[in-house]
Amino acid sequence: MSDDVMAEIHRDYLFNLILKGERDDGRAFDEFRDITIETGVAGMAEGSALVTLGDTQILVGIKIQPGEPFPDTPDVGVIITNTELIPMASPDYEAGPPRETAIEIARVVDRGIRESKAIDLEKLCMVKGEKVWIIFIDIHVLNNGGNIIDAASIGSIAALLSTTLPAERYGLGEDSPLPVRDIPVAVTAIEFGGELLLDPSLEEGKLAGTVYTVITNSDGSISGMQKSGAEPLTIDQVMRVVEMAGTAAAKIREKFLEV
Amino acid sequence: MERNIVIPGDVVSDNVKMSGSGTYVHGDEVRASVYGLLNIGERYISVIPLAGKYIPHASDRVIGIITEVAYSNWIVDINSPYDGLLHISQYPRRIDSENMSRYLKVGDCILTMIASVDAGMKVELTLREKELRVLSDGRIVTINPTKMPRVIGRNGSMIRLLKSEIGCNMFVGQNGRIWINGSDDCIDLAIQTVRYIEDNAHTPGLTERVQAFLKAKEKTRYGKVHESRNDEE
Amino acid sequence: MSEKPEHFIVDGKRLDGRSVDELRPIKIELSPLDRADGSCYLEWGRNKIMAAVYGPRELHPRHRQNMTKAVVQYRYNMAAFSVDDRIRPGHSRRSIEISKVGRDAFEYVVFTKFFPKTAVDIFIEVLQADAGTRTAGINAASLALADAGIPMRGLVSACAVGKVDGEIVLDLMKEEDNFGEADVPIAMTAGGKITHLQMDGNLTKEEFYEALKLAKIGCDKVYKLQRQALIEKYNGEYAENGEDAMPQARIGDADE
């Protein structure tokens with residue numbers, strides 16, 4: 001049974017709460033649910049992190065292997081990000097190749113890591129045009145409790161921070177930590193009843209006309225954004241989310257992700 | 001009453017005549033078919049499951065959500081693997097099939113009754129009984145349907161306790177959905193209490209514990225009011 | 001990948017110190033996932049497996065519905081990072097076969113006739129693989145089904161037996177699986193009804209009978225651990241809730 005039709009009286013209740021400045025789980029509008037991060041949980045991976053954000057559970061695994069660079073960027077390593085919305089994680093997910101939501105999540109997370117230059121890709125080049133390190137970021141969603149994108153972003157950077165370059169396995173010198181030099185963090189807001197709420201729960205996500213993600217770096221600069229959903233945002237709302245996202249990302253970074 | 005946890009396959013009796021719900025007969029033994037609490041009655045031994053879906057039975061009262069308005073039928077989610085069908089003729093008064101959505105639209109909640117279930121699990125609903133109606137206010141909370149008997153209590157004792165202690169209006173659907181109406185505070189407390197019952201459904205002495213739970217809540221509510229009065233002074 | 005060891009058994013001990021009839025350590029956690037109707041996380045040696053059950057629920061597409069019983073569906077999947085060399089996400093021929101025989105392992109025990117037209121969906125995700133993932137998956141699935149309240153004849157318990165250094169051993173570890181002479185994954189009910197059986201390698205008839213006997217011992221051990229996990233889930237919670245409830249009542253009393 002998928003619960004795609006929400007009872008009208010429940011929608012009204014959530015709407016009226018927001019008008020009163022409240023959320024169903026008692027959080028402030030700019031407050032995240034509890035976050036836990038456990039690294040090193042997938043022992044066959046070069047790096048991994050199990051992230052919980054409220055009820056959402058995501059396991060991110062990093063695999064690294066030598067390979068050829070892309071022809072247009074012969075002197076830098078490669079990042080490949082993939083999201084699996086496995087049918088285990090929600091009654092609404094089906095088995096099969098990734099659908100547009102999974103691809104969107106992977107691409108937004110990828111963008112944050114790539115554009116922030118969090119990974120020093122030049123250091124991942126071994127022989128120009130021939131041999132570079134390929135980094136696979138695999139985002140495995142185990143339980144969809146809402147706001148997968150932020151949990152995936154937090155999980156990905158946490159996993160990367162715990163990653164070792166497996167040089168010994170391939171006879172390419174000594175193992176070393178993956179060179180990570182920035183910590184991009186995605187923060188997602190929804191617009192509902194004219195208000196902006198960070199870290200939407202599953203139910204709030206269903207109510208939202210639009211979902212807006214802003215990825216900020218350690219110095220406060222922005223390295224990625226995504227607006228998703230049909231409802232428009234005003235310029236003022238966009239600017240408010242940028243402010244809120246920067247503050248929230250800094251808190252998350254300070255609490256969980258310092259190198 | 002002694003309540004032991006049993007798992008599927010556990011032998012619960014050697015008298016096959018005692019096989020009740022949640023059990024099956026294997027040779028000359030009665031075995032548990034579900035993971036749950038063993039319930040030894042005078043005539044039957046049954047296992048009360050700790051989880052599971054609502055399977056509709058005729059004359060069950062349930063809370064449904066309209067998911068589709070089809071030709072002369074509303075399709076109703078009844079928190080079950082099987083959808084319910086509400087035929088236009090089962091609406092309390094005669095209406096025209098042209099504008100069914102004017103009376104019940106997608107997302108509307110109804111307090112309905114299972115009129116019949118056939119062998120192919122076609123579930124027919126009705127609104128043409130006393131108490132049955134459209135729910136246009138209040139809130140709905142969903143719990144595991146297997147915990148429903150504890151929320152109702154023996155001969156309705158638990159539900160009466162909740163209504164009188166909290167002072168709200170409640171209707172408990174067999175399908176795990178509970179409708180609650182009253183002031184915002186009462187609804188919040190009622191939902192907390194229902195969740196408490198759900199979490200403690202497998203434990204003995206539940207009524208006493210719910211009373212203690214409500215008493216403690218009442219104290220904190222009273223405490224808050226008292227404090228704010230002090231502030232004013 | 002490591003090389004083939006010269007000996008698998010020295011002085012009656014295997015490479016990881018176990019005796020021939022000893023299981024690797026098993027750790028079970030029930031209901032770790034709140035969206036699923038039932039779930040189980042299971043560690044077995046270095047295997048890490050998540051199992052979830054949804055259902056009985058409406059089956060789509062409609063033409064796959066059976067008018068007289070529920071359809072059991074089983075999906076075994078390995079996370080891309082669960083093995084040394086990353087595997088491409090999605091189904092492979094191997095995972096399709098394992099999913100098929102996994103489903104077969106449960107069709108006998110699930111009382112499907114109670115839920116015509118529905119599906120009971122079992123999902124297995126291998127998060128870390130270390131030999132014996134299909135049997136670990138079956139054990140976790142069995143517990144997730146019970147956790148979901150699905151009516152069953154009984155649990156299914158599984159383990160693999162094999163042959164290394166000419167000896168029949170229980171619960172193959174990675175090296176034994178890779179370089180051993182035979183691998184026989186088996187699942188059975190507590191009463192010894194076999195619901196899953198595969199074999200590859202080479203065994204004499206006598207060795208196979210011995211393997212089967214050892215598998216029964218292994219499955220019995222697994223069954224005890226599964227049963228214990230289910231019983232303890234509620235005993236544990238009872239204590240927790242008992243402690244939660246009492247202090248609240250006491251705070252109330254103290255206010256008087």
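Modeller: Gladly, but please keep in mind throughout that this is a predicted model.

Colleague: Which domains does the assignment give for chain B, and how far apart do the C-alpha centres of domain 1 and domain 3 lie?

Modeller: The domain assignment of chain B gives domain 1 as residues 5-49, domain 2 as residues 61-135 and domain 3 as residues 139-222. Taking the C-alpha centres of domain 1 of chain B and domain 3 of chain B, the distance between them is 29 Å.

Colleague: At what angle do helices α2 and α3 of chain B pack, and is their crossing left-handed or right-handed?

Modeller: Helix α2 of chain B covers residues 157-167 and helix α3 of chain B covers residues 184-199, and their axes lie 10 Å apart. The packing angle between α2(B) and α3(B) is about 145°, and their crossing is right-handed.

Colleague: Which residues of α3(B) are met by α2(B), and how many residues of each class does the contact have?

Modeller: From α2(B) come B:Leu162, B:Ile166 and B:Gly167, and these meet B:Cys186, B:Leu189, B:Ala190 and B:Thr193 in α3(B). Sorted by class, the contact of α2(B) with α3(B) has five nonpolar, two polar and no charged residues.

Colleague: Is strand β15 of chain B mostly covered or exposed, and which residue in it stands opposite B:Ile140?

Modeller: Strand β15 of chain B, residues 177-181, is mostly covered, with four of its five residues buried. Strand β13 of chain B, residues 139-142, runs antiparallel to β15(B) and is joined to it by four bridges. Within β15(B), the residue opposite B:Ile140 is B:Trp179.

Colleague: How many residues does chain B bring to its contact with chain C, and which helix gives the largest share?

Modeller: The contact takes 27 residues from chain B and 33 residues from chain C. On the side of chain B that touches chain C, the residues divide into 13 nonpolar, nine polar and five charged. The largest share of that side, seven residues, comes from helix α4 of chain B, residues 206-232.

Technical notes
Residues numbered from 1 in each chain as written. Chains lettered and ligands numbered in written order. Predicted model: local features only at pLDDT ≥ 70, side-chain atom pairs only at ≥ 80, totals over all residues. Domains from an automatic or database assignment. Axes fitted to C-alpha atoms, helices over the stretch in contact; angles between N-to-C directions. Helix = DSSP H or I, 4+ residues; strand = E, 2+ residues; numbered from the N terminus. Left-handed = near helix turned anticlockwise from the far one by under 90°. Contact = placed C-beta atoms within 7 Å. Nonpolar A, V, L, I, M, F, W, Y, C, P; charged D, E, K, R; others polar. Buried ≥ 20, exposed ≤ 12 C-beta atoms within 10 Å, placed from the backbone. Pairing = 2+ DSSP bridges.
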